[in-house]
Amino acid sequence: MNPGGTPDRAILVIEDDEATAELERRALVRSGAAVRVVGRVCDALELLEREAFSAILLDYQLPDGDAWRIVEVAKSLRLRTPVVLVTAMGNELVAAEAIHRGVVEYV
């Protein structure tokens, strides 16, 4: 933790495709980040109750729920956590909705 109370480069990856999650995890670890990976909305929500993260990489399509719920929770945390939406399944409407809901970046 840094003096402001936010985790130093602790990233939460929420991705249900194991190969994609592993690629993201490896890239982040190589850059010096501590990474937690989950593949379901319910697991992410439980983790966000217990741990703080400096950022969230969020897949748009998850098997057990709406990715927007994660965005809402991240915005409501005491230490607001930025969310980057990472998806191959999106389109311009999804990108616009993501920005409208407060996602900091759409990839």
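Modeller: Let us begin with glutamate 24, which is found in helix H1 (residues 18-30); helices are DSSP runs of H or I of at least four residues and strands are runs of E of at least two, numbered from the N terminus. This is a predicted model, in which local features need pLDDT of at least 70 and side-chain atom pairs count only at pLDDT 80 or more, while totals for chains, interfaces and linings use all residues. Residues are numbered from 1 along each chain as its sequence is written, and side-chain values use heavy atoms, with hydrogens and water left out.

Biologist: Which side chain of opposite charge is nearest to glutamate 24?

Modeller: Lys and Arg count as positive and Asp and Glu as negative, with His and the chain ends not counted, and a salt bridge needs a side-chain nitrogen of Lys or Arg within 4 Å of a carboxyl oxygen of Asp or Glu. Buried means under 20% relative accessible area, with a 1.4 Å probe and protein chains only. Glutamate 24 is buried without a salt bridge, and the nearest side chain of opposite charge, arginine 25, is 10.0 Å away.

Biologist: What does glutamate 24 touch, leaving out residues up to four places away in sequence?

Modeller: Contact means heavy atoms within 4.5 Å; on that basis, and with that exclusion, glutamate 24 touches Val13, Glu15, Leu57 and Val86.

Biologist: Is threonine 81 buried or exposed?

Modeller: Threonine 81, in the loop between helix H3 (67-76) and strand S6 (83-86), counts as buried because its relative accessibility is 4%.

Note on methods
Buried means under 20% relative accessible area, exposed over 50%, partly exposed in between (1.4 Å probe, protein chains only).
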